[in-house]
Amino acid sequence: RHVDDVLQKLGWLKQWLRTNALRLYHMPAKHYWVSSGPVALLPNSPQRRRLAKSGIHFAGSHLRLREA
C-alpha cells in the first residue's frame, strides 16, 4: 500500500509541475522516498522494482546529502 501511495503522489507532483511550474518540470530531477515510519522493502522486491521503474529512489528512514 505504501508504494501505491508514493507512486500516486509522484503522479500528482508531475501533473502539478506540468500545469503550474513548467520550467521546473523540465529541469533534471531525482525523486527520493524518505519514509516517516517503518517500511521494509528488500532490494530485489517487486515493490522496490516498481519504485525504481518510476524513477523513485527508496532512501529508507534517512537520506544523507553530499556536501557541495
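**Close-up views of a predicted model**

**View 1. Lining of the largest pocket.** Helix α1 gives the most to this lining, with six residues. The model is predicted: local features need pLDDT of at least 70 and side-chain atom pairs count only at pLDDT 80 or more, while totals for chains, interfaces and linings use all residues. Residues are numbered from 1 along each chain as its sequence is written, and side-chain values use heavy atoms, with hydrogens and water left out. The largest pocket has a volume of about 300 Å³. Its lining has 16 residues, and the closest to the centre are His 2, Asp 5, Val 6, Lys 9 and Trp 33. Two or more lining residues come from each of α1 (2-20) and β1 (31-34). A pocket here is an open set of points on a 1 Å grid over the protein atoms alone, where a 1.4 Å probe fits, with protein on both sides within 12 Å along at least five of seven lines; lining residues have an atom within 4 Å of a point. Volume is the space filled by probe spheres set on the points, which are joined across faces, edges and corners.

**View 2. The paired strands.** β1 pairs with β2 (residues 56-60) in the parallel sense, over four bridges; pairing requires at least two DSSP bridges. Trp 33 stands opposite Phe 58 in β2.

**View 3. The chain as a whole.** Three helices and two strands make up the chain's elements, in the order α-α-β-α-β along the sequence. They are DSSP runs numbered from the N terminus: helices are H or I, at least four residues, and strands are E, at least two.
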